[in-house]
Amino acid sequence: MRVLLIGANGYLGRFVADRLLADPAVQLTALGRGDDADVRFDLATGSPGALTRFLDAVHPGVVVNCAGATRGGARDLTRHNTVAVATICEALRRSSCGARLVQIGCGAEYGPSQPGSSTAEDAVPRPGGPYGVSKLAATELVLGSGLDAVVLRVFSPAGPATPAGSPLGRLAEAMRRAMQAGDGELKLGGLGAQRDFIDVRDVARAVHAASLSAAQGVINIGSGRAVRLRDAAAVLARVAGFGGALHELDAPPGPMRQSVIHPRSESDHGTQGPPPAAYPYPDGCGSWQQADVRTARDRLGWRPRINLEESLADIWMEAACRI
């Protein structure tokens, strides 16, 4: 099976590439903007015609799209998450390769959920911010393209190489700095939010399974369990050996305060965005998110294998190396 992987040097893409390369039946070609890609191509500015010519030359059986931006202004997010996917869909429609498309979506497309509930694929999406809107628009483009396609809605990825701007990445970095400075307490905001964390290696397994399956439509990829960030912080403190006190800030973070759920203002592509959205849920997902993952089990034969404690241990191992 010849697979074209777009975004192989990104957070998810690196683990998807490792998973696919471990399958001896897969011939992998990486397309991206970096010098390490097999083929350099910028989806945000490249034409569908140019991508079509490449598809006809390589003739992949599966195209996996892991590319995109998670931060930045609405214009950047639209260009990298929506326009890029429109380019892929149009190129695949024009191409003679007949490839299957595996698109990486996100739980932010759903927006806030009722506390205690599990969000299934038939829930009406109501994204609470520009990132979720841009990813939902991409999903709608894929679903309306007429292609053999599946969208994996990944909830909150965690584990090795977790970005420093993600909630768990910020938590680990704040704890690292506290331990380095010898602080006996750590004050953070946003710890009341509950998110469905899924290890990035389990996400890669889901992408591999989706590439081999005939499943179409939207499929949630998560652990099926919401975890309060305060509880994740306690587990991380135990893993890290942090014996200090964790204090949660009730007020919005000021200049000297930190919120683990407050993102950085720059995008994955290094461009400056507008100021972060209002505290306390700038990711647009409200206080609660939990995935219903029965469809992934039934249609992909997939279940999460790696628990959050193992994911947090890997996050801390990388953070500790910076001490």
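Predicted model: local features only at pLDDT ≥ 70, side-chain atom pairs only at ≥ 80, totals over all residues.

Biologist: Where is His59 placed, and what is its phi?

Modeller: Helices (H or I, at least four residues) and strands (E, at least two) are DSSP runs, numbered from the N terminus. His59 sits in the loop between α2 (48-58) and β4. Its phi is positive, about 55°, although His59 is not a glycine. Ala161, also a residue other than glycine, has a positive phi near 65°. Ala161 belongs to the loop between β7 and α5 (167-181), and its relative accessible area of 23% makes it partly exposed.

Biologist: How does one read the crossing of two helices, such as α2 and α3?

Modeller: Axes are lines fitted to C-alpha atoms, for helices over the stretch in contact, and angles run from 0 to 180 degrees between N-to-C directions. The axes of α2 and α3 come within 8 Å and cross at roughly 50°. That makes α2 oblique to α3; angles under 35 degrees count as roughly parallel, over 145 as roughly antiparallel, 65 to 115 as roughly perpendicular and the rest as oblique. The crossing of α2 and α3 is right-handed; a crossing is so called if the near helix is turned clockwise from the far one by less than a right angle, and left-handed if anticlockwise.

Biologist: Which residues meet where α2 touches α3?

Modeller: Contact means heavy atoms within 4.5 Å. From α2, Pro48, Gly49, Leu51, Thr52 and Leu55 meet Thr87, Ile88, Glu90, Ala91, Leu92 and Arg94 of α3. These residues divide into 6 nonpolar, 3 polar and 2 charged; Ala, Val, Leu, Ile, Met, Phe, Trp, Tyr, Cys and Pro count as nonpolar, Asp, Glu, Lys and Arg as charged, and the others, Gly among them, as polar.

Biologist: At what angle do α7 and α9 cross?

Modeller: Helix α7 (residues 229-240) and helix α9 (residues 308-320) have axes that come within 9 Å and cross at roughly 55°. The two are therefore oblique to each other, and their crossing is right-handed. In α7, Ala232, Val235, Leu236, Arg238, Val239 and Ala240 meet Leu308, Glu309, Leu312, Ala313 and Trp316 in α9. The contact comprises 9 nonpolar, no polar and 2 charged residues.

Biologist: How many residues of α6 are buried, and what is the span of this helix?

Modeller: The expected span of a helix is 1.5 Å times one less than its number of residues. Helix α6 (residues 200-212) has 13 residues and reaches 19 Å from its first C-alpha to its last, close to the 18 Å expected. Of those 13 residues, 11 are buried, including Val200, Asp202, Arg205 and His208.

Biologist: What do the buried residues of α1 pack against?

Modeller: In helix α1 (residues 11-21), the buried residues are Tyr11, Leu12, Gly13, Phe15, Val16, Ala17 and Leu20. Their partners include β1 (2-6), β5 (100-106) and α6.

Conventions
Residues numbered from 1 in each chain as written. Heavy atoms only, no water. Buried < 20%, exposed > 50% of the residue type's maximum accessible area, 1.4 Å probe, protein only.
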